[in-house]
Amino acid sequence: MKDKIIKRFAAFVLTIFSIGIFSACVDKKINNGNEAVKIRLNEVVRSVFYAPMYIAINEGFFLEEGIEIELTTGQGADKTMQQLLSGNADIGFSGPEQVIYIYNQGREDYPVVFAKLTQTDGSFIVGRKENPDFKWEDLKGAEIIGARPGGMPQMVFEYVLRNHGLDPRTDVSLVTNIDFTATSGAFKAGTGEYVNLFEPTASMLEKEGSGKILASIGKAAGDIPYTAFYTTKSYMEENPEIVQRFTNAIYKGQLWYERHSAEEIADAIISFFPGTDRDIIISVVNNYKEIEAIAKTPIIEEEDLNRLMDIIQEYDSNLIKERPPYEKIINNEFAEKAME
């Protein structure tokens, strides 16, 4: 009897020891042998447009790389950049035009872009009635609610108009004095014949019968490094391993997004959008998949960056008086290694 008790106790100890070893192996797998580090990430706004980033968080890709994400929202690209430069964020996420502006200010410790997330504008032109034969030339003479003057959505929209033979200042009537959060309401109240909207607002307007999505502004504009991750030159030099692990997680998120359905993506990210209808998120993801808005890799091509600067300079040449050298503000080494 005593021998049986000893054997059972030994088996119990062995089981507990085995579980401990297994847990340690799991922890090691999650952290890839690296000590977990907290990264303060500031995003420009909260948007389904950035699904791969939320996927990387919720599917544990950052944890696998030994990173814990502390996510905050800047509510504006300039505000996100301020958070980075003031030391309140380790990594910023917004349009890379902010990096161009800061570089041209002559700052010694300027920000550098290291990974792209979206590859085109994410807004849509919405009309009051369905028009399957819509052409951009149809906007001539129309009143259109646009975006904030000087912001990338408005600059890209005007770029598309010019590419279709329309002068934004004379051929259309642009309403740009309405707050970003109020444009949909203004359209429903009767302002404008068309409105420029991001998702999920465009899909919500369509679902309630107040408008129809007619065309993708991003698809008409072409490939642009629309939103990207960046950090200061000093942080990148002092923490290359962290930047690499961060980029690895983002690339995993991009791959997961490509390989899964809109329904699966909605389920993976819905926790970031409390109160938002799942069907709306699915609709948004499908719209973005259709126009290939999400970058398939984190690499920023020089040609695409040049198109971005073309758009800005055509809008207002004073915004970029001199183009920064591509190799100064873009570092693709981390993206290239993540894809190996």
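User: Which element gives the largest share of the lining of the second largest pocket?

Analyst: In this predicted model, the elements that supply two or more residues to that lining are β9 (212-216), α9 (217-221) and α13. Residues of the lining include Ile213, Leu214, Ala215 and Ser216. The largest share is four residues, and the element that gives them is β9.

User: What is the volume of the second largest pocket, and how do the residues of its lining divide by class?

Analyst: The volume of the second largest pocket is about 210 Å³. Among the residues of its lining are Phe124, Glu206, Lys219 and Asn287. By class, the lining divides into six nonpolar, two polar and three charged residues.

User: Which residues lie closest to the centre of the largest pocket?

Analyst: The largest pocket has a volume of about 1400 Å³. Its lining is made up of 50 residues. The closest to the centre are Val45, Gln75, Pro153, Phe180 and Phe198.

User: How many residues in the lining of the largest pocket are nonpolar, polar and charged?

Analyst: Elements that each supply at least two residues to this lining include α4 (77-85), α5 (97-104), β8 (194-198) and α13 (278-290). Sorted by class, the lining has 22 nonpolar, 18 polar and ten charged residues.

User: Are α4 and α5 oblique or roughly parallel to each other?

Analyst: The axes of α4 and α5 come within 10 Å and cross at roughly 55°. Angles under 35 degrees would count as roughly parallel, and 65 to 115 as roughly perpendicular. The two helices, α4 and α5, are therefore oblique.

User: Which residues of α5 meet α4?

Analyst: The crossing of α4 past α5 is right-handed. On the α4 side, the contact consists of Ala77, Asp78, Met81 and Leu85. The residues of α5 that they meet are Glu97, Gln98, Val99 and Ile102.

User: How many nonpolar, polar and charged residues does the contact of α12 with α13 have?

Analyst: Among the residues of α12 in this contact are Ala262, Ile265 and Asp267. The residues they meet in α13 include Arg278, Ile281 and Asn286. By class, the contact has seven nonpolar, one polar and four charged residues.

How values were computed: Residues are numbered from 1 along each chain as its sequence is written. This is a predicted model: local features need pLDDT of at least 70, side-chain atom pairs count only at pLDDT 80 or more; totals for chains, interfaces and linings use all residues. Side-chain values use heavy atoms; hydrogens and water are left out. On a 1 Å grid over the protein atoms alone, a cavity is a set of points where a 1.4 Å probe fits but cannot get out, and a pocket is an open set with protein on both sides within 12 Å along at least five of seven lines; lining residues have an atom within 4 Å of a point. Grid points are joined across faces, edges and corners, and a volume is the space filled by probe spheres set on the points. Ala, Val, Leu, Ile, Met, Phe, Trp, Tyr, Cys and Pro count as nonpolar, Asp, Glu, Lys and Arg as charged, and the others, Gly among them, as polar. Contact means heavy atoms within 4.5 Å. Axes are lines fitted to C-alpha atoms, for helices over the stretch in contact, and angles run from 0 to 180 degrees between N-to-C directions. Angles under 35 degrees count as roughly parallel, over 145 as roughly antiparallel, 65 to 115 as roughly perpendicular and the rest as oblique. A crossing is left-handed if the near helix is turned anticlockwise from the far one by less than a right angle, and right-handed if clockwise.
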